[in-house]
Amino acid sequence: MNVDFLPLFVTAISCIVAIRLITPFAVNIDLVDKPNQRKKHIGNIPLVGGISIFIAIIIGLLTTQIDINQQKNLLLAMMVVVVVGVIDDHQDLSTKSRILSHIVAVSVVVVLDNVALNSLGWIFGVNEFKLHAWAMFFTVFTVIGVMNAINMSDGIDGLSGTLSLIVLLFIAYFSYIGGHVDYLTISLLICCALIPFLLFNLGVFGKSKRVFMGDAGTTLLGLVIAILLIALSQGDNATFRPVTALWLLAIPLIDTMAIMLRRVIKKKSPFRADREHLHHFFIRSGIGDRKALLIIVLLSLTMAFSGAWMEVNNVAEWKMFALFLLICLFYLFALI
């Protein structure tokens, strides 16, 4: 399978141009992230990463051989998520409004494209865990869960983007070996939009040019990652087993599940923002943002490589699931 590099180059350049063009407009309409008790960055940072990544993906897709009509429902869902994210970044939507909008967007892909978690595999070892009538409901719940996991990881510069980049690269790898050209192309296009964004986000082009992804970007990435993981792990043409998806996305998932559980135990809303995430613990322990980023990225790579290795070596699904749960429990008790 040959990879056409022109669309990848076009996507990267489009992201850079979009960021530079949209940033002044975002500043004028106050689409910026302002420092507060929970957000410790310096200055007002434009929230244009998500819009720019979306625009770059669309432009990149137009230069590929992909039939846009076959992906129209996914693109529609992406557009809805980005629009809702921009409004939320600007005006702070209520949790209820945001979740309802996401349910509608995800349902478009799940129902119309029949992208569903029909099976969770042999995670209990005895029989295949099929969801039957619950498949659609559980799929929507799962996709929104992944969107929130990526969103909640957006606590320090470069974190959510780099964690998403890792997952997408592994998705590209499995798409390549499985012969899924469309999924390979989409995942690589997003990677090529993410890389220039990360350069801006991390201040490589200068601190004055820094931009943030915003909810528009994190939820967009979460949506596409979840849909691709489901599509590649289901049916006769699956390229990896469902349990492997947990390992590829391990750090955002484990951190989000642990944090939400702790909030519920404390009788707080599971969606209420705080400073109790993994990156916050590293920072409070005296480790700087960049070192915290490096440590978490290495942890994510370790988990993803472990999952991919177990998948390639056909380790039993119940063993992979049991080990994943064990790590989740260890992480929860370590936080406590």
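Start by selecting His 132: at 64% relative accessibility it counts as exposed (over 50% relative accessible area, with a 1.4 Å probe and protein chains only; under 20% is buried, and in between is partly exposed). You'll find His 132 in the loop between H4 and H5, and it has a positive phi of about 55° although it is not a glycine. Most residues other than glycine have a negative phi.

Before moving on, note that this is a predicted model, where local features need pLDDT of at least 70 and side-chain atom pairs count only at pLDDT 80 or more, while totals for chains, interfaces and linings use all residues. Residues are numbered from 1 along each chain as its sequence is written, and side-chain values use heavy atoms, with hydrogens and water left out.

Next, pick Asp 92, in the loop between helix H3 (72-91) and H4. Asp 92 is not a glycine either, yet has a positive phi of about 60°. Its relative accessibility is 64%, so Asp 92 counts as exposed.

Now show helix H4 (residues 95-112) together with helix H5 (residues 135-152). Helices here are DSSP runs of H or I with at least four residues, numbered from the N terminus. How do H4 and H5 pack? Their angle is about 125°, with the axes 10 Å apart; axes are lines fitted to C-alpha atoms over the stretch in contact, and angles run from 0 to 180 degrees between N-to-C directions. H4 and H5 are therefore oblique to each other, a label for whatever is left once angles under 35 degrees (roughly parallel), over 145 (roughly antiparallel) and 65 to 115 (roughly perpendicular) are taken out.

From H4, take Ile 99, His 102, Ile 103, Val 106, Ser 107 and Val 110; they meet Met 136, Thr 139, Val 140, Val 143, Ile 144 and Met 147 in H5. Contact means heavy atoms within 4.5 Å. The residues of this contact divide into 9 nonpolar, 3 polar and no charged.

Zoom in on Val 140, in helix H5. Is Val 140 buried or exposed? Val 140 is buried, with a relative accessible area of 14%. Leaving aside neighbours within four places in sequence, Val 140 touches Ile 103, Val 106, Ser 107 and Val 110. For a distance check, draw a line to Gly 50: Val 140 and Gly 50 are 22 Å apart, C-alpha to C-alpha, and 90 residues apart in sequence.

Last stop: Met 78. Leaving aside neighbours within four places in sequence, Met 78 is in contact with Phe 54, Ile 57, Leu 220, Leu 223 and Val 224.

Note on methods
Helices (H or I, at least four residues) and strands (E, at least two) are DSSP runs, numbered from the N terminus. Ala, Val, Leu, Ile, Met, Phe, Trp, Tyr, Cys and Pro count as nonpolar, Asp, Glu, Lys and Arg as charged, and the others, Gly among them, as polar.
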